[in-house]
Amino acid sequence: MSSCERRTRLTRSLRRTQHASTARHLRNCNKPLPPASTEARICSYECTFCAKCVDAILFNVCPNCGGGFVPRPVRPSTNWKNGNYLGKDPASTTVKHRPVDPASHNQFAMPIKDIPPHQR
Ligand SMILES: [Zn+2]
Ligand SMILES: [Zn+2]
């Protein structure tokens with residue numbers, strides 16, 4: 001197993017624990033974000049949202065950790081090296097669009113959103 005694969009598995013189980021309690025869906029967005037999507041945005045914990053929600057609803061504040069977002073890299077569909085690609089390591093089928101209540105997120109994000117993400 002390569003270190004890259006190990007890391008992927010570790011973050012997957014972390015993600016499950018962290019987000020088990022977050023269960024409501026955004027009413028206005030259930031956008032699918034397949035591995036090839038260029039609209040996916042992630043925080044440092046890999047919480048994933050679509051670009052539109054990050055801009056319009058989250059104000060670039062992650063509802064789970066308060067950090068900023070960057071574009072999610074696209075996982076290669078070609079086996080370039082050691083089987084580290086979509087065919088062998090398919091994207092998780094769990095919903096990654098983390099549900100957020102816009103009203104309570106507003107309260108959470110207001111004091112944070114004007115601080116540049118690298119200074120939070
Ligand atoms: Zn969205
Ligand atoms: Zn986060």
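A residue is regarded as buried if 20 or more other C-beta atoms lie within 10 Å of its own, as exposed if 12 or fewer do, and as partly exposed in between. By this criterion, 16% of the 120 residues of the protein count as buried in the model examined here, which is a predicted one. The protein contains three helices and three strands, and these elements follow the pattern α-β-β-α-β-α when read along the sequence. Among contacts between residues at least 6 apart in sequence, 66% join residues at least 24 apart.

The three strands form an open sheet in the order S2-S1-S3, with antiparallel pairing. Strand S2 (48-50) and strand S3 (70-71) stand at the edges of this sheet, and because each has a single partner strand, one side of each is left without a neighbour in the sheet. In general, the strands of a sheet pair through backbone hydrogen bonds, in either a parallel or an antiparallel manner. Strand S1, which comprises residues 40-42, is joined to S2 by three bridges, and the two run antiparallel; within this pairing, Ile-42 stands opposite Thr-48 in S2.

The largest nonpolar core has 14 residues, of which Phe-49, Cys-50, Cys-53, Val-54, Leu-58 and Cys-62 touch the most other members. The elements that give two or more residues to this core are S2 and helix H2 (51-56). For Val-54, when residues up to four places away in sequence are not counted, the residues touched are Arg-41, Phe-49, Asn-60 and Phe-69.

Leaving aside neighbours within four places in sequence, Val-70 is in contact with Arg-41 and Ile-42. The C-alpha atoms of Val-70 and Ala-51 are separated by 9.2 Å, although the two residues are 19 residues apart along the chain.

Several residues in the loops were also examined. Glu-46 is placed in the loop between S1 and S2, and its phi is near 70°, a positive value in a residue other than glycine. With 15 C-beta neighbours inside 10 Å, Glu-46 counts as partly exposed. A positive phi, of about 55°, is also found at Asn-82, which is likewise not a glycine. Asn-82 lies in the loop between S3 and helix H3 (102-113), and it is exposed because 11 other C-beta atoms lie within 10 Å, where 12 or fewer is the condition for that class.

Ala-36 has its place in the loop between helix H1 (3-19) and S1. With 12 C-beta neighbours inside 10 Å, Ala-36 counts as exposed, since the limit for this class is 12 or fewer. When residues up to four places away in sequence are not counted, Ala-36 touches Val-74 and Ser-77. The C-alpha atoms of Ala-36 and Leu-86 are 9.6 Å apart in space, while the two residues are 50 residues apart in sequence.

Technical notes. Residues numbered from 1 in each chain as written. Chains lettered and ligands numbered in written order. Predicted model: local features only at pLDDT ≥ 70, side-chain atom pairs only at ≥ 80, totals over all residues. Pairing = 2+ DSSP bridges. Helix = DSSP H or I, 4+ residues; strand = E, 2+ residues; numbered from the N terminus. Core = buried A, V, L, I, M, F, W, Y, C linked by C-beta atoms within 7 Å. Contact = placed C-beta atoms within 7 Å.
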